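Here are my notes on this model, as promised. Have a look at the fold before you read on.

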Amino acid sequence: MKTVIIIPARYASTRYPGKPLAELTLPDGSRKSLIRMSWEAAMGVKGVDGVYVATDDARIKAAAEDFGADVIMTSEACENGTARCADALARADIQADLIVNLQGDAPLTPAWFVEDLIAAMKADPEAQVATPVLQCDPLTYGHFTEDRKAGRVGGTTAVFNAKGHALYFSKEVLPFIDPDKVPETDIPVYHHVGVYAYRPEALAAYTSWPVSALETLEGLEQLRFLVNDTKLRCVIVQGKGRVFWELNNPEDVPRIESVLKDL
């Protein structure tokens with residue numbers, strides 16, 4: 001199964017303009033851009049036939065090529081990462097059995113998250129799309145609730161059925177838990193990891209569907225698959241002692257830098 005990773009990156013983020021080029025301080029005091037760290041994470045995934053950065057911005061293109069990445073220029077009209085992956089695939093005429101979307105704001109994504117995702121898609125031919133979910137530890141759950149109390153949109157949560165098929169994704173913390181009844185361990189909230197694996201036909205179909213009302217309300221691209229009755233598999237991955245968090249807001253920078261010190 002030929003597999004490629006595409007890293008969609010745009011400069012004009014509403015919540016954090018220029019986010020892919022934002023630099024993080026590493027434990028040794030050096031600094032790396034978010035897009036470079038995401039690319040390095042992708043390059044560490046086993047069993048992948050190619051890694052590409054997809055962008056419509058010349059600044060991101062120049063930065064990515066400077067550290068050695070293959071870059072595909074895409075349309076400015078791409079409304080989200082999934083659409084950008086589809087556009088990149090078509091423009092570069094890439095032939096692949098599986099396309100992985102590793103978004104450029106997740107430098108803490110361990111290689112095994114993506115490897116588990118690829119393995120799950122190989123084992124489940126009915127799944128058209130798959131995405132990793134990670135059960136929240138107390139620290140991550142605290143980040144979720146802290147952001148919501150502050151009126152910030154932080155990470156995304158996922159709800160799925162007994163077969164692992166997605167029921168819903170939200171930027172609210174789902175399911176709701178009474179603050180006085182939050183368990184100390186085994187918190188029943190799953191953090192959606194911003195990685196997707198698509199079969200080519202599912203990716204092509206996505207761009208043919210209109211934007212759904214739920215997608216617009218939540219600002220979550222994956223809801224378009226659910227509205228159109230596509231089987232989206234949630235793959236439970238293990239943190240193995242590592243804390244995962246995406247860079248959604250400027251306030252996330254110190255959170256991520258703190259985690260990097262413990263790697």
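1. A word on strands before anything else: two of them pair if DSSP finds at least two bridges between them. Helices (H or I, at least four residues) and strands (E, at least two) are DSSP runs, numbered from the N terminus. With that in hand, strand β7 (residues 129–135) and β11 pair in the antiparallel sense over 2 bridges, and V129 has Y198 as its bridge partner in β11.

2. Keep in mind that this is a predicted model, where local features need pLDDT of at least 70, side-chain atom pairs count only at pLDDT 80 or more, and totals for chains, interfaces and linings use all residues. Residues are numbered from 1 along each chain as its sequence is written, and side-chain values use heavy atoms, with hydrogens and water left out.

3. How confident is the predictor? The average pLDDT (confidence in each residue, from 0 to 100) is 89 for the protein chain, and 91% of the residues score at least 70. Where pLDDT is low, the predicted coordinates should not be read in detail.

4. Now to β6 (residues 98–102), where 5 of 5 residues are buried (under 20% relative accessible area; exposed is over 50% and partly exposed in between, with a 1.4 Å probe and protein chains only). In a regular strand the side chains alternate between the two faces of the sheet. Here L98, V100 and L102 point one way from β6, while I99 and N101 point the other way.

5. What does β6 pair with? Strand β1 (residues 3–9) pairs with β6 in the parallel sense over 4 bridges, with V4 bridged to I99. Strand β11 (residues 195–198) pairs with β6 in the antiparallel sense, also over 4 bridges. In that pairing V100 stands opposite A197 and I99 opposite Y198. As for β11 itself, V195 and A197 point one way, Y196 and Y198 the other, and all are buried.

6. I count 14 salt bridges in the structure, each a side-chain nitrogen of Lys or Arg within 4 Å of a carboxyl oxygen of Asp or Glu. Two of them connect parts that are separated in sequence. D56 and R84 meet at 3.7 Å, N to O; D56 lies in the loop between β4 (50–55) and α2 (58–66) and R84 in helix α3 (residues 81–91), so the pair ties together parts 28 residues apart in sequence. R84 is buried, at 2% relative accessible area.

7. The other is K231 with E126, at 3.0 Å, N to O. K231 sits in the loop between α8 (223–227) and β12 (232–236) and E126 in the loop between α4 (111–123) and β7, so this pair ties together parts 105 residues apart in sequence. K231 is partly exposed at 37%, whereas E126 is exposed at 52%.

8. Salt bridges that share partners join K32, R36 and E40 into one network. Within helix α1 (residues 34–43), R36 and E40 are 4 residues apart, about one turn of the helix, and their closest N and O atoms are 3.1 Å apart. R36 is partly exposed, at 33% relative accessibility, and so is E40, at 30%.

Methods
pLDDT is the predictor's confidence in each residue, from 0 to 100.
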